[in-house]
Amino acid sequence: MSSSLKQDIILAGVGGQGILSIAFIIDNAALKEGFAIKQAEVHGMAQRGGAVQSHLRLSKNKIWSDLIPRGEADLVLSVEPLEALRYVDYLHPRGRIVTSSSPFVNIPDYPLQESVLERIRKFEGSVIVDSEALAKAAGTSRAQNTVMLGAASKYLIVKPESLVEFIRVLFAPRGEKVLEPNLRAFELGRKAAG
Amino acid sequence: MAKEILLGDEAVALGAVHAGLSAGYSYPGTPATEVMEYLIRVSKGGSLFTAAWSVNEKTAFEEALGTSFAGKRALVSMKHVGLNVAADPFMSASLTGANGGFVVVAADDPSMHSSQNEQDSRFFAQFAQIPCFEPADHQEAYDLTREAYDLSENMSIPVMLRLTTRLSHSRGGVETRESRPKNSLKPGARECWTLLPTNARVLFKKVLDQQAAFVRHSETTPFNRLEMNSGGRTLGIIASGIGYNYVMENLRGAASPPPVLKISAYPLPESLIRRLVEHVGTVLVVEEGYPLIERAVKGMFGIHGKTVLGRLSGDLPLAGELTPETVRAALHEPPRERQALADFKLAGRPPQLCVGCPHADTLKALNDALDGVETATVFSDIGCYTLGWFPPYSAVDTCVCMGASVGMAKGAAEAGIHPAVAVIGDSTFGHSGITPLLSAAAFNTNMVLIVLDNGTVAMTGGQPSFATGERLLRIIEGVGVAKDHIRVITPLPKFHAQNVRTLKDEIAYPGLSVIVAVRECLEEAKKKNRRAE
């Protein structure tokens, strides 16, 4: 379980929502702070608008399994509320959900948004953030993933400064027009997490 | 040395580069794609070494074999089913042997995350009687690739490097070594490379004679390791590749862990297995894929006085990939406490065609053209358009392997299916669709082939297609399809009625027609726009 020595995180979302960008930033921040990392991700067919997840493991000790064992995850970090619920059986009894409240509806049987959020709230300590509104406020609706990274940064064992450093590394090559909204999105997400 | 975060696929690629690679060839396929993507990225436009996509895996294999013939180090990478396509040269390459070091990377996809079956490539290595390495983690993926080149050159034999999805697509830290120079040109001896029966008999005998040396290598390499631990003589574990990680994850903190034999090099290290089996009463075999080790250890009748457990015994599932949980259960550890969703009904979210995908417009037109025609059958192929199987399209009836749509439509048409429609993407057509179309053209079979030309290999992330645009049209005409029955359509909603008419006309024509639906993949168009920004 969570200590300063290890953290296991399930990243969740729908193909195309940018969870691998979140993973890149946490991976590199963790490596810089002297953690070992393993990060299992999804490529290929499943990426086409389907449910995608990434298992991200950080530890000061040797990491064996590339997959997080069910019951070991400290955090489910999701860019989509229904997707947050898909992985709760990975959560440790004291693990936490940090999720966006903005649904990505591309299936006919998507449940009522309120029923999804209500179910999430039943998990103790869950944090729900309106990533869509905050990303727009930051300047681009495409930065919802960075909003969620900001929200999760309250609970990550890597320092926020390290995360910001690699937000810069990732987005600076795409110019100020992309970088600045992402930096704002991170801060807005962090504040929204309370 | 430098530490880098790499995908398992990338660790193999970098290991090859540092081992003195001269050329790599591949055809895209999950989970192997990123080996070549990485090679292309670090090749500096091909100035450091050759890194190129090929038209299919057989071609890629033969190109790499040519590199090896020339005395230089070669790599070919492919997904498990790609090795079926390359099986012809693969099975004979053990006879020619390797002149320059030759590593065959086969990435298996147990649980079929993005594949049509879950075959285990270790059987192919056994079939060809060549050594096979199976890394457990990123560092081993890097190190074993170097080791594979050394073994390949020392023993003049191609070496397989077998990966599975969870390592291919997992990132981890790798400490790299110094790079070594490439080989210089030194062509192979003609008597070793001309597989006339008179030469092949001699060369096959040589491969058979080498087997004992391969086993000795497996018994002495540090990548196969018997860790006796302190856990007594009841249970012993044999764990290979990624299965070893799940075993160790579950033994973390165990007071007296059982002995573990880790296997990452094949053929099987007989003496190490014997030592473990003699030491314990029960052996649990944990391997990703089919029960290759388990079957070998157990034999047909088992070992007197010993129990062998694994996938065959039902202690682990026979199908699908291993997980930390299935391995935990096989170790008789209680499940970890966890949270649960309980009463909430979770809607599934399967992959689907992108909104606005050109394939969707073609499939809609096809559905309308075939509306009410009960006997119509649509033979599909490998690519994004196979997602047209799902509602709301429900537009295709088969998908088997690369190119099967064309040959199956011909066979079915000749068996009396009408209309018989084949649907294939441009890259899949280049890969394996041209020869069956040649066959259909020779017989003027009553069928319609629709080639979806989106100009890319979309499902795997947008690699170049070789049979697209003007060249595609010239190929279709060149194999003998009547020019009047090669029709080009633009799959857009505004042309829907017109496209339905074209399809209906060609379905009514009692001979071979090919309809080419041309519109760029949306994802690729987006990427181009982003680059232009």
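**Reading the contact between chains A and B**

Modeller: The contact takes 42 residues from chain A and 40 residues from chain B; two residues are in contact if their C-beta atoms, placed from the backbone, lie within 7 Å. This is a predicted model, in which local features need pLDDT of at least 70, side-chain atom pairs count only at pLDDT 80 or more, and totals for chains, interfaces and linings use all residues. Residues are numbered from 1 along each chain as its sequence is written, while chains are lettered from A and ligands numbered from 1 in the order in which they are written.

Biologist: Which element supplies the largest share of the side of chain B that touches chain A?

Modeller: Elements are DSSP runs numbered from the N terminus: helices are H or I with at least four residues, strands E with at least two. Here α11(B) gives the largest share, five residues.

Biologist: How do I read strand pairing across the contact?

Modeller: Two strands pair if DSSP finds at least two bridges between them. Strand β2 (residues 36–40) of chain A pairs with β8(B) in the antiparallel sense over three bridges. A:Gln39 stands opposite B:Arg171 in β8(B).

Biologist: What does chain A itself contain?

Modeller: Chain A has six strands and seven helices, in the order β-α-β-β-β-α-β-α-β-α-α-α-α along the sequence.

Biologist: And how much of chain A is buried?

Modeller: A residue is buried if 20 or more other C-beta atoms lie within 10 Å of its own, exposed if 12 or fewer, and partly exposed in between, with C-beta atoms placed from the backbone. Buried residues make up 58% of the 194 residues in chain A.
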